[in-house]
Amino acid sequence: MNRVLGDWRAVTVLLGPALLVYSLIMLVPIFWSLGYTVFEGNPIIGFTFVGWDNLLALFTDPKVADALMFTIKYALVLTVGQVLAGYGLSLLYVFWLKKASGLIRTLVFFPVVLPTVAVALLFQALFAIAPQIGPVNSLLNLMGLDSIDWFASGATAFWVIIIMDIWRSMGFYAVLLYAGLVDIPEELFESARIDGASGWRLVRHIVIPLSLPVLFSSIIFSINGTLKVFDSVLALTSGGPGNTTTPLTLYMYQTSFTYGEYGYGSSIALMLTILCLLVTIFIFRSSRRDLTKG
């Protein structure tokens, strides 16, 4: 093996095809998009060099500010919801359902594989007010409350998106965190129970500290995915009403492919990339400090 790895021709044959495909699919589009940031226009009308104008326009565009605030708010709320729901389910699997959790894990995981459009249509029907009142508004009427047009306001539409995406994703994070919990040696739980730890004390002092690595991995995975949200918002609200539920990804898509401003759209994409990178570095360094202290 050392002789093979020491031969540059063998290394080229083994890694070359994979690196070529990766470069064509990932690296070339990245640098191509970076090049667009200093131009305005599109392939139909042509491109004009504008230098830093696109990047400077990001700081004065109110739609960018609104989309950025929605993206950050969505990412924070959904990350907390996804990870907490997934962690709660994983604790349920490990400590209460135990070997009988297989069927429940499958049922809870099922929404993960459903098409986004199908899930969005389902939640539109659940929260509908017209032409037929949905189950949620019917329940409000039974409680003596007025029906709510959930998609007429950005505030209520935001929470419908959050509920939908937590329901869709909690099964995935439950399985991910469950895999981390089952790796904790059973002897530690037995020793803790002998010492009188049970319930919340057992979770707080044994389970949470030992599951921090997979917990931080879940947080990084979740927040990077939520910062790049696109399909669920497009399918459920299309960014409306107005632009109140428009994230950076959707605004980038509209700018590039609806209005034909490739340069400005690429600048928004660059902004989102930097945001994801900074958040990942912050969480990674925080997790390393916490794990070192532990």
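Contact here means heavy atoms within 4.5 Å. Keep that in mind for the helix pair described below.

This is a predicted model, in which local features need pLDDT of at least 70 and side-chain atom pairs count only at pLDDT 80 or more, while totals for chains, interfaces and linings use all residues. Residues are numbered from 1 along each chain as its sequence is written, and side-chain values use heavy atoms, with hydrogens and water left out.

Begin with the record. UniProt, in an unreviewed entry, lists residues 68-283 as "domain: ABC transmembrane type-1". UniProt positions are given in the numbering used here, feature names are shortened, and annotations may be inferred rather than shown by experiment. Over residues 68-283 the chain is 75% helix and 0% strand. Helices (H or I, at least four residues) and strands (E, at least two) are DSSP runs, numbered from the N terminus.

The unreviewed UniProt entry also lists spans under "transmembrane region", among them residues 12-32 and 262-284. Residues 12-32 are 100% helix, with end C-alpha atoms 26 Å apart. Residues 262-284 are also 100% helix, and their end C-alpha atoms lie 33 Å apart.

Now look at the strands. Strand β1 (residues 39-42) and strand β2 (residues 46-49) run antiparallel, joined by 4 bridges. Two strands pair if DSSP finds at least two bridges between them. β1 and β2 form a hairpin, with 3 residues between them. F39 has F49 as its bridge partner in β2. G41 stands opposite F47.

Next comes a helix pair. Two packed helices are described by the angle between their axes and the distance between the axes. Helix α4 (residues 62-97) packs with helix α11 (residues 212-227) at an angle of about 145°, and their axes are 9 Å apart. Axes are lines fitted to C-alpha atoms, for helices over the stretch in contact, and angles run from 0 to 180 degrees between N-to-C directions. Which residues meet? On the α4 side they include Y74, L78 and Y87, and on the α11 side they include L215, I219 and I223. The residues of this contact divide into 10 nonpolar, 6 polar and no charged. (Ala, Val, Leu, Ile, Met, Phe, Trp, Tyr, Cys and Pro count as nonpolar, Asp, Glu, Lys and Arg as charged, and the others, Gly among them, as polar.)

How many salt bridges does a search of the whole structure find? The search finds 1. A salt bridge is a side-chain nitrogen of Lys or Arg within 4 Å of a carboxyl oxygen of Asp or Glu. D165 forms a salt bridge with R168, and the closest N and O atoms are 3.5 Å apart. D165 and R168 are separated by about one helical turn, because they are 3 residues apart in helix α8 (residues 154-181).

Finish in the loops. Most residues other than glycine have a negative phi, and most peptide bonds are trans. A130 and P131 are joined by a cis peptide bond, with omega about 0°. P131 sits in the loop between α6 (116-126) and α7 (135-142). Another cis peptide bond joins G240 and P241. P241 lies in the loop between α12 (231-236) and α13 (248-258). S238 is found in the loop between α12 and α13. S238 is not a glycine, yet its phi is positive, at about 55°.
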